[in-house]
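Here is a friendly walk through one chain of a model and the contacts it makes. Please keep the structure open while you read.

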Amino acid sequence: MSIILSTSHLSKTFQGKDVVTDVSMRVSQGQIYGFLGPNGAGKTTIMKMLLNLVKPTSGDIEIFGEPIKQSSIEYLKRIGSIIEYPVFYDKLTALENLELHCAYMGFYNKKAIKEALELVHLTNVDHKAVREFSLGMKQRLGIARAIITKPELLILDEPINGLDPVGMKDMRNIFGMLSKEYGMTLLISSHLLGEVEMIADTIGIIKSGRLIQEIPMDTIKGQNTDYVELKTPDYKKATFILENKLHITNFKVMDNSVIRIYETSIAQSDISKMLIMNDIAIESINKKTASLEEYFLTQIEEVENYA
Amino acid sequence: MLNLMKLEMKKNKFGWYFKGVVIANFFILLFMCLIPYVESIDEGPMFSGVTDALSVVGTFVRVTFVIFASVLYAKLIIDEYKSNTISVLFTYPIQRKKIILAKILLITGMTFIVIVGSNVFVSGAFIMFNHYINLFPNDLSNKWLLPALVNIVVQSIAATGMSLICIYFGMRKKSVPTTIVSSLLIISLVNSNNGNFSISNIIAIPLTLAVIGVGIAYFTFRNIDRVDIV
């Protein structure tokens, strides 16, 4: 898969304060790249640099195989974006806003506006002034505006903010469809880990302006993420049994009653059988999968400990 | 460029502006007809002749529409920054300079046309009324007409250029009130009438200010392509 967007040692300093430091990221064509990080981590600044709204202090950006310079504008024709929150000319209607967008982008296909509005499930509102819209509706309209010209690359900053659960699901489906059917590449930032987990192919974790890790979702899913969680009032005896009878060493006592067993070669039924035979009460025993959230928190914590 | 200007017109719908222009024209005319009545109580006639009357009309029209222009700058430029729509506008594949220049050309063009047009309308109507109400001695020769028209055009160019100065103050603070107030201060300073003397009558002064206005606008947006939009 070819690389559609890459940065190398990208940094930005605002008034002597480092906001983005040495970020080198690579986004492959057709991929959904989830940009994860706490608020204020520098996600928006990076996205603004990609769109040339903010100029890098140092480092390079390459999009569609071309280096981005201060004066580059042509590449913007091939990008759709929402930055921070969707802003519109509030007094104009949804339709007028989209028509303006198309005119500025040099895109003339009247049908596309209607299609985009239908795609985000915003119908019968095209003649309503945008200032009467709720945040969720604005978010949908923002996405409609970003995808109207069928861009090759979509840069969406917190696109699911302000949506209700149904809206979030809709957006997930739309993003999936844009990526699969239209072959678009999506760069989506969010602090909602669960959402990113469901759609992203690759995630980039960013903290305090640094890209801590860039990793395919498949790798995270394959990394020791399955475990058996055992809850017992008698954890000392239980750990003794696990170690000496079942010869399991790969486990962790979370607090004084919960034990996580990462050894997957021994069946859950065998573990419970052995514990019961040794008279150890089991409050619960479940097979679990570590979520992206846990992975993310571990990564962030590691960086904090390191710092 | 024309296309960008058309888009600005579509975006902003100038109906309110032209309504304002019509209303302001009638008020200026009304005011012109009222001043001589108020003034004549104290001392003789207000206007010595048609040239004198037209100079007062010119002052009112310029002051009014330079302030109107500052409202347009506030709305078309400063407001885009305030409402952050500028961050959408600058992600289009169009040079930032071109976008801003289109806005400035549209506003200066409108301002110039409106100042000339209003001058002609109010002056014409006032001279016509004068035939009936005799506020100043009628001059039936047409000798004054050509110099008056030239004066209107030159003063309008100067006023339009001067209207640009407020952009500098408005952009520094990204503030709508600053834009309008700075324009109000500049134009009232230049056009204030002190014992029948106003510095706008020495045409070199408003013309110099106009050149300064153009320079300031250039200076304000010179680096726009390199500036961070945060």
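## Chain B, helix by helix

From the N terminus on, chain B runs α-α-α-α-α-α-α-α-α. That comes to nine helices and zero strands; helices (H or I, at least four residues) and strands (E, at least two) are DSSP runs, numbered from the N terminus. This is a predicted model, in which local features need pLDDT of at least 70 and side-chain atom pairs count only at pLDDT 80 or more, while totals for chains, interfaces and linings use all residues. Residues are numbered from 1 along each chain as its sequence is written, and chains are lettered from A and ligands numbered from 1 in the order in which they are written.

The radius of gyration of chain B is 19 Å, close to the 17 Å that the globule rule gives for 230 residues, so chain B is as compact as a globular protein of that length. Here the radius is taken over C-alpha atoms, and the globule rule is 2.2 Å times the number of residues to the power 0.38. Along its principal axes, the C-alpha trace of chain B spans about 60 × 30 × 30 Å.

As for confidence, the model scores ipTM 0.84 and pTM 0.83. Chain B averages a pLDDT of 86, and 91% of the residues score at least 70; pLDDT is the predictor's confidence in each residue, from 0 to 100. Among the elements of chain B, helix 2 (residues 15–40) has the lowest mean pLDDT (86), and helix 4 (residues 86–89) has the highest (93).

## How the helices pack

Axes are lines fitted to C-alpha atoms, for helices over the stretch in contact, and angles run from 0 to 180 degrees between N-to-C directions.

| Helix pair | Angle | Axis distance |
|---|---|---|
| Helix 6 (residues 145–163) of chain B and helix 9 (residues 204–221) of chain B | about 40 degrees | 7 Å |
| Helix 7 (residues 165–173) of chain B and helix 8 (residues 176–191) of chain B | about 150 degrees | 8 Å |
| Helix 2 (residues 94–105) of chain A and helix 1 of chain B | roughly 170 degrees | within 11 Å |

Angles under 35 degrees count as roughly parallel, over 145 as roughly antiparallel, 65 to 115 as roughly perpendicular and the rest as oblique. Helix 6 of chain B and helix 9 of chain B are therefore oblique to each other. Their crossing is left-handed, meaning that the near helix is turned anticlockwise from the far one by less than a right angle (clockwise would be right-handed). By class, this contact has 10 nonpolar, four polar and no charged residues. Ala, Val, Leu, Ile, Met, Phe, Trp, Tyr, Cys and Pro count as nonpolar, Asp, Glu, Lys and Arg as charged, and the others, Gly among them, as polar.

Helix 7 of chain B and helix 8 of chain B are roughly antiparallel, and their crossing is right-handed. Their contact includes Phe169(B) and Lys173(B) from helix 7 and Ser182(B) and Ile186(B) from helix 8. The residues there divide into four nonpolar, five polar and one charged.

## Meeting chain A

On to the partner chain: 19 residues of chain B are in contact with 18 residues of chain A, where contact puts the C-beta atoms, placed from the backbone, within 7 Å. Helix 1 of chain B gives the most to the side of chain B that touches chain A, with three residues. That side divides into eight nonpolar, six polar and five charged residues.

Helix 2 of chain A and helix 1 of chain B are roughly antiparallel to each other. Leu100(A), Ala103(A) and Tyr104(A) meet Leu7(B), Lys10(B) and Lys11(B) there.

Terms used
Two residues are in contact if their C-beta atoms, placed from the backbone, lie within 7 Å.
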